[in-house]
Amino acid sequence: MSRKTTTTVFTALAIAAALGIGAFVYQGTGKAAAPESRFVLLSGSTQTTADMKGKVTLVNFWATSCTTCVAEMPEIVKTYDKYKDRGYDTLAVAMHYDPPSYVVNFAQSRKLPFKVAIDNTGQIAKDWGDIQLTPTTFVVNKQGQVVKRYVGAPNFDELHKLIDKLLAET
């Protein structure tokens, strides 16, 4: 192959890969029941997916070693603070490879106001679509259905519009 042909092939592959990633980001949107899961919170208590019903819930898979996760956390806190009194909740699920002491230190030092769980075995991430990339965030409606999935940091203006819409639903 000539150099020009090789470059064209690689460019086409890069575009196809980018389109595939873009499709992956929005895959899973719609209204499917959230997976049945049992979350062990840093407090030692547990929460299940069924406990989310009646609230709009943001479920964020993250890691202390993920720079995007760390960077988006202040916005997740602001979002929680903005909506918590209107039937909104947040559950941050630390990935199985994240050392528990790092997760506890992060949550305490940043005074995270919402529930934080550690997925010690990786089973929760597997149940929610075999999560490999962080951050991956789900929006669950009051009926316990996943209505949106973000891979990477969400557009928070768009997220707030979605939360407003879901909170207005009965």
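1. In this predicted model, the side chains of Lys115 and Asp89 form a salt bridge, with N and O 2.5 Å apart. The pair connects distant parts of the chain, since Lys115 belongs to strand 6 (residues 115-118) and Asp89 to strand 5, 26 residues away.

2. The salt bridges in the structure number 5. Another of them joins Asp164 and Arg86, whose closest N and O atoms are 3.4 Å apart. Asp164 is located in helix 5 (residues 156-168) and Arg86 in the loop between helix 2 (67-83) and strand 5 (88-94), so this contact ties together parts that are 78 residues apart in sequence. Asp164 is partly exposed at 31% relative accessible area, and Arg86 is likewise partly exposed, at 46%.

3. A further salt bridge is found between the side chains of Asp81 and Lys84, at 3.9 Å from N to O. This distance falls within the 4 Å cut-off, and the pair is therefore counted. Asp81 is partly exposed at 39% relative accessibility; Lys84 is also partly exposed, at 36%.

4. Which residues touch the most other members of the largest nonpolar core? They are Phe39, Phe61, Trp62, Phe114, Trp128 and Val139, out of 47 residues in that core. For Phe114, the contacts beyond its neighbours within four places in sequence are Met73, Ile76, Val77, Tyr80, Thr90 and Ala92. Of these, Met73, Ile76, Val77 and Tyr80 have numbers inside the range of helix 2 (67-83), while Thr90 and Ala92 fall inside that of strand 5 (88-94).

5. Helix 3 (residues 100-109) has Val103, Phe106 and Ala107 as its buried residues. These residues lie on the same side of helix 3, because they cover an arc of only 95° around the axis. The other side of helix 3 carries the exposed residues Ser101, Asn105 and Gln108.

6. What do the buried residues of helix 3 pack against? Their partners are strand 4 (56-62), helix 2, strand 5 and strand 6. Strands 5 and 6 are also the elements linked by the Lys115 and Asp89 pair. After helix 3 comes Lys111, which has a positive phi, near 50°.

Technical notes
Residues are numbered from 1 along each chain as its sequence is written. This is a predicted model: local features need pLDDT of at least 70, side-chain atom pairs count only at pLDDT 80 or more; totals for chains, interfaces and linings use all residues. Side-chain values use heavy atoms; hydrogens and water are left out. Buried means under 20% relative accessible area, exposed over 50%, partly exposed in between (1.4 Å probe, protein chains only). Helices (H or I, at least four residues) and strands (E, at least two) are DSSP runs, numbered from the N terminus. A nonpolar core is a set of buried Ala, Val, Leu, Ile, Met, Phe, Trp, Tyr and Cys residues joined through side-chain atoms within 4.5 Å. Contact means heavy atoms within 4.5 Å. The arc is that of the directions from the helix axis to the C-beta atoms.
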